[in-house]
Amino acid sequence: MHRQRADMEALIVGILEQGLIYGIMAIGVYITYTILDFPDLSVDGTFPLGIAVCFVFINNSLDPWLALIAAFAAGCIAGAFTGLFNVKLKIRNLLCGILTMTALYSVNYAIVGKATDFLGTDCTTIFSQTKGFFIGHSEVYSKLIVILVIALAAKYALDWYLRTKSGFLLRSVGDNESLVITLAKDPGTIKIIGLSIANGLVSLAGAVYCQYSRSFSVSSGTGTVVMGLAAVIIGTTIFKKIKFLHITTGVIFGMIIYKACISIALSAGLQSQNTNLMITILFIATLMINEFALKKKKSGVNRGA
Amino acid sequence: MLELLNINKTFNAGTVDEKRLFSDFCLKLNEGEFVAVIGSNGSGKTTMLNIISGSMAADSGSVLLDGTEISGMKAFKRAMRIGRVFQDPALGTCPSMTIWENMSIADNKGKSFGLSFGLNRARKDFYRSRLEILGMGLEDRLDTTAGTLSGGQRQALALIMATLVRPDLLLLDEHTAALDPKAADIVMQLTDKIVSEKKITSLMVTHNLRYAVEYGTRTIMMHDGGIVLDSAGEERANKGIDDYLKIFNEISIETGN
């Protein structure tokens, strides 16, 4: 009985930990998908980019917090490339993401030098550094709390940015590009900034994941964007109604719900190779619920002058 | 103030659908003029606005704003001096942002969009007073998102936003065409009020003959990429809608439109 409770606790903590890490990635996807209206597939490459950069930092005994910042910066640069492809070279947005993602596969491999690798047990991570603060039973939550702090910091930083003048422009550019032009601002530059921040966050999530899992795999980015989109759609659909919650909070909750669904399905006997199929079904289901909710809302609006 | 010199524009050049719209088109606007442009579909009114604003490039010719050549400038750079209100009310405001946020970004035009707080709290009362002029009750709905407003309200808001920082030149692109008659009248009266109050040189394209006669200081009629009528001052004052309609019909009969 006692054993069962401990298992349950570990399962929930695991869901929350992963949900929050991937939640940071999801708020990045929220920027591109919802705010910029830009289907950015570079995410599948920038998440492992964060892992790779962080991996090299930790492996060389550099500060694990500095590793997070470096990963964020690397993601920003990668995102800026996606933006430049679109804005300067006029390549279609979907293709821009695919190009960056494809290029990053080689880049990530080159950074680490191997397809898969593990961090040694003696490596210092943000989790090993902070473990000492937690005594007794609270040790179970040590990782979760560190992740929570980072996720909240990322969320509040983004919330703050979206309320600045620069953030206002970012919000207008996806909504109404002509307005940005009439404000005498270049929509292209703002798009590049937006993609940059988004991929920075995705890469940051990768860096946290690297220290959490203590491993690197060049193919670990596959499916990231779908996961992020699912969280964004779950988050914006379910939590839109709750006024006092920021959408960014909703998106992180969306990711936790998503991770919970996967965990429950796995513990209920779903074969792990089938998760991708399950992800797709879950994704389509949320999209359809979303569509249905939108239709209902639209038919209720009276179209006056 | 604004000068279009020898503008040439051909659509679908080199194809069977080739259409030469402007050949050596010229137009001069004086400081403080409020010009109404009328003309049938395809006469080149909107293309002319697009060439001035920079959202479309002419094949050749020059666009001079206060003597400075701007035809090579990007649209967003020209926007520093040119304000614009579109036909589609959705294009003048940001739908997901509140009225207050919309007013704040419009108010920041020409300044830097940095990391300072976006919402302008200090000017809240000023925004209220600007919105009060509309008589639409928007001043009490500053926290409402612009996307939930009706077309007329959005267009009125768009007009206020476009002129919040006074542009040297205001382009009005059939900005009342998508509204119902009552809302169109309100927006038109508001336009006249703002333009004369702030003394903004304006170029208004309209399909409404009555507006072209009643408002503004000069009326231009365009047809097939040329100006068929250009009247101002006393000559204009003596012309009524019927006179314009007559010319309009004559052209229509000629071209079988």
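What percentage of the 305 residues in chain A do buried residues make up? The share is 48%, where a residue is called buried if 20 or more other C-beta atoms, placed from the backbone, lie within 10 Å of its own, exposed if 12 or fewer do, and partly exposed in between. The structure is a predicted model, in which local features need pLDDT of at least 70 and side-chain atom pairs count only at pLDDT 80 or more, while totals for chains, interfaces and linings use all residues. Residues are numbered from 1 along each chain as its sequence is written, and chains are lettered from A and ligands numbered from 1 in the order in which they are written.

Chain A has twelve helices and two strands, these elements being DSSP runs numbered from the N terminus, with H or I over at least four residues for helices and E over at least two for strands. Read from the N terminus, the order of its elements is α-α-α-α-β-α-α-α-α-α-β-α-α-α. The radius of gyration of chain A is 20 Å, close to the 19 Å given by the globule rule for 305 residues, so the chain is as compact as a globular protein of that length; the radius is taken over C-alpha atoms, and the rule is 2.2 Å times the number of residues to the power 0.38. Along its principal axes, the C-alpha trace of chain A spans about 65 × 45 × 35 Å. Of the contacts in chain A between residues at least 6 apart in sequence, 79% join residues at least 24 apart, a contact being a pair of residues whose C-beta atoms, placed from the backbone, lie within 7 Å.

For chain A the mean pLDDT is 89, and 95% of the residues reach 70 or more. Confidence in this chain is highest in helix α3 (residues 64–87) of chain A, at 97, and lowest in helix α12 (residues 275–300) of chain A, at a mean of 72. Over residues 300–305 of chain A the pLDDT is below 50, and this stretch has eight contacts in the model beyond near neighbours in sequence. Where pLDDT is low, the predicted coordinates should not be read in detail.

Chain B, in turn, contains nine helices and ten strands. Its radius of gyration is 19 Å, close to the 18 Å that the globule rule gives for 257 residues, so chain B is as compact as a globular protein of that length. The C-alpha trace of chain B spans about 55 × 40 × 35 Å along its principal axes, and 42% of the 257 residues in chain B are buried.

Within chain B, six strands form an open sheet of mixed pairing, in the order β6-β7-β8-β3-β9-β10, two strands being paired if DSSP finds at least two bridges between them. The edges are held by β6 (82–85) and β10 (226–232) of chain B, each with a single partner strand, so one side of each is left without a neighbour in the sheet. Strand β3 (residues 34–39) of chain B pairs in the parallel sense with strand β9 (residues 218–223) of chain B over five bridges, and β3(B) also pairs in the parallel sense with β8(B), over four bridges. On the β9(B) side, V37(B) has I220(B) as its bridge partner and G39(B) has M222(B), while in β8(B) the bridge partner of F34(B) is S202(B).

Six of the six residues of β3(B) are buried, so this strand is largely enclosed by the rest of the structure. From β3(B), F34(B), A36(B) and I38(B) point one way, and V35(B), V37(B) and G39(B) the other way. In a regular strand the side chains alternate between the two faces of the sheet. Helix α1 (residues 45–53) of chain B lies across β3, β6, β7 (169–173), β8 (201–205) and β9 of chain B, and runs at about 145° to β7(B).

The two chains meet where 21 residues of chain A are in contact with 35 residues of chain B. On the chain A side, α7 (165–175) and α8 (177–182) of chain A are the elements that give two or more residues, and α7(A) gives the most, with eight residues. On the chain B side of the picture, helix α3 (residues 99–107) of chain B is mostly covered, with eight of its nine residues buried. The buried residues of α3(B) pack against α7 of chain A together with α4 (124–132) and α5 (151–164) of chain B.

Methods. Axes are lines fitted to C-alpha atoms, for helices over the stretch in contact, and angles run from 0 to 180 degrees between N-to-C directions. pLDDT is the predictor's confidence in each residue, from 0 to 100.
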